[in-house]
Each structure stands twice: as structure tokens, then as C-alpha cells.
Amino acid sequence: RDGATARKSYANNEKGLEASLEDFKWTHKAKWIDHMTITGTNAERVVDVNDDLTRETFFYERALESANECVRRLKDLGVPVRRPDDYYAEMVKSDEHMKRVRSELLFEQQQLEIRE
Amino acid sequence: EGKAKSVDASLVNKNEKTLVLTSRGATSRYRHLMLDLLTLVPNAKKDAKLDTKNERNVVVEAADLRGCSSAMFFECRKKQDCYMWLAKTPSGPSIKFHVENVHTMAELKMTGNHLKFSRPSLHFAPAFDETAHRRLIKEALIQTFATPYRHFKSKPFYDHQMCFYWEDNRVWFRNYQVVHPAGKEVKTQGLTLSETGPRLCLHPIKIFAGAFGGAVLFEDETFVSPNAQRAESKKRDVTKYQQKVQ
């Protein structure tokens, strides 16, 4: 019983981690367009991760900053950003699924109105 | 307008490929999560579920056979706990995550939608650069989730943003559709986002030097195994009952 609570020390071999990273990393050799990674500049942290609403708002704002930055960089490179309206292709969610999502949204709105 | 400039890419990652598979006994939620990830990563290969839970070297072999440079293995235990292994094959490193708070794309509350296999931009919180183990996790995530430039399955245009945040010793994953303003809104409105899903939380438990094994480079001390958590809550319930009886 005691053995389980008083545990051995936890490993954090920083030299080993650095060496391993050195071994397999390639992003330092890549151009930005190869991976399109944007590291946020806002170092704020979420105060309480269990507060769903503030957490998700925080996440949304950070994501939006990066999205704007990404569009700016893509435009600088001359890469097309926006999909033309006549470009049809498979989406991650099917039309069937999106129909259900919309009807669910509508249903929720109706429920709200009824309550009011 | 006119012809697009040719973009200078290094193509270091043009042969990156990820093998994705689960162990036998995965519950539907985790199976859906795996399928969701397959629709987001064009350079991923799905493999049949693995019968054994303990001989993970089989995964390395399977990845080698399929020409994959990394593997994502969902190991489900007791029909409720799910661990995700993210490994560079064949020589490592590998990270073992506990998968928490999963919401799949099939759920109806997420209203976003985007082209299948369009190239995402990856957002990382600056906190990933702070310690050695987070830097390693970041690199591994980039290598797995970035779509190689001009991958044959990928579609042009930028319409989704995958986000990785670091909070509470965990990696939080979100995927948003990028909604470009159209028509009259172009001048007045900027981009907006709409969440597409899936949502998940990855708690890194251990980092190993090899693929699915080898020296332990990092261990998270804040991690309590779900078994221990359940035992704890049971114990609490017992005392609650005893107090009631008295």
C-alpha cells in the first residue's frame, strides 16, 4: 500500500529529450509552406480550464489570430486562399449530416423561443 | 489575379505517412475519433485493428510494411479507457497519451464543415516551446498533422485551422472551419471561425526514446491512472455510506 503512494521519482531526462528531438526533427529545415505551422504570440493562459465558456472563447480567439496570420502569409506567397463558389468537392461532413446539424440548431432556437 | 507564383517549398516532409489503427475492443466513440482523424489527415493509412495489446512491436512492423514514418495507435482498455500512442517509426521517440474529453465530428453541436483533405494551418500555443518534452510533443504533432505541400490527395485552398493548446498539463485539440467573408461582407468583415470537431484532450503520460518502448525520457507526475481514480472515488463513496449509517 505504502509503495503505491510513495512513488519513485519521475523521469524528466531533458538531455535525452533534446537528443531525441535532434534525431527526428525536420521542421527547422522546412519552409513554412511545408507545414503551415503558426505558433501563437499571446502567452496568456486559461485561468480555469473547467470553465467551459471562457476556455472555449479563449481558444477561439487564439485560433482566429492564427487564421488571420495564415491568410496573410499565404497571400504574401501568392497561394490561393479562398475556394471559388463553383468549386465543388467532398467535404468532411456529408450534406446529410449538415442537414441534421441545421435542423438541430433550428430545434434549439425554437425551444428557446418557446421558453421566452 | 493571374497565374500563381511558384512557391518555394523544401518538401522535406513529402514522404511523411502515418499509420492509424486501434486495438481490438475499442468502443464506438474512439473508433469514430480514429475515423475523424483519418478524414483530416490525407497522408494517413488505416490498418486493421490489432489483436494483441502487449506486443506493440507489431505496429512498427506494420508501419514499415506500409511505408509509414509514424504510427498512431489507439489502445483501449476495459472498454472505457483509451490511450493514444504517437510514435515515430522505426527508431522513435514515442509518446503515450491518455485520451480524455472526446467529442467526435458526428455530434450535432459543431456547425463547421470544410473541404476534405484541404491543407490545414496548425496553431500551437507558445507554451509548447517552454520545456524539452513539450517541444518534442510539438514536433511530433506537426509531423503527423501537417499535410505535405502538394500531396496528391490534398486540395488547394485554406479553409480549416487545427489548434493545439497547452493547458493543465494536457494538449487540447480543436479544429475550426475558417469562414471567409463573401459578397458585400468582404470589406466590412474579417474571417470568422466555426468549430468542426473533433475535440479531444491528450494527457501525455510518458515519452519513450524508442518506438513503443525503450528508455523513459519523461513521465508526468500529475497523471493518475483511470483505475486509481475509480478506486479513489469508490473509497470516497464507502466513507459517505458509513457516515450515513452512523
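Strand β1 of chain A (residues 37–39) is joined to strand β6 of chain B (residues 121–124) by 3 bridges, and the two strands run parallel. Two strands are taken to pair if DSSP finds at least two bridges between them. Helices (H or I, at least four residues) and strands (E, at least two) are DSSP runs, numbered from the N terminus. Ile38(A) stands opposite His123(B) of β6(B).

The model is predicted: local features need pLDDT of at least 70, side-chain atom pairs count only at pLDDT 80 or more, and totals for chains, interfaces and linings use all residues. Residues are numbered from 1 along each chain as its sequence is written, chains are lettered from A and ligands numbered from 1 in the order in which they are written, and side-chain values use heavy atoms, with hydrogens and water left out.

Across the interface, 70 residues of chain A are in contact (heavy atoms within 4.5 Å) with 81 residues of chain B. The two chains bury about 6,400 Å² between them, 62% of it on carbon and sulfur atoms. Buried area is the accessible area (1.4 Å probe) that two parts lose on being put together, summed over both. Phe24(A), Trp26(A) and Val92(A) supply 11% of the area that chain A buries against chain B, more than any other three residues.

Between chain A and chain B there are 6 salt bridges (a side-chain nitrogen of Lys or Arg within 4 Å of a carboxyl oxygen of Asp or Glu). Glu18(A) forms a salt bridge with Arg135(B); their closest N and O atoms are 2.7 Å apart. Several elements of chain A supply at least two residues each to the side that touches chain B, among them α2 (14–24), α4 (52–77) and α5 (95–115). The most comes from α4(A), with 16 residues.

Within chain B, strand β5 (residues 94–103) is mostly covered. Strand β4(B) (residues 81–88) pairs with β5(B) in the antiparallel sense over 5 bridges. Ala87(B) has Ser94(B) in β5(B) as its bridge partner. These two strands form a hairpin with 5 residues between them. In the turn, Gly92(B) has a positive phi of about 90 degrees. β5(B) also pairs with strand β10(B) (residues 199–210), antiparallel over 8 bridges. There, His103(B) has Arg199(B) of β10(B) as its bridge partner.

Terms used
Buried < 20%, exposed > 50% of the residue type's maximum accessible area, 1.4 Å probe, protein only.
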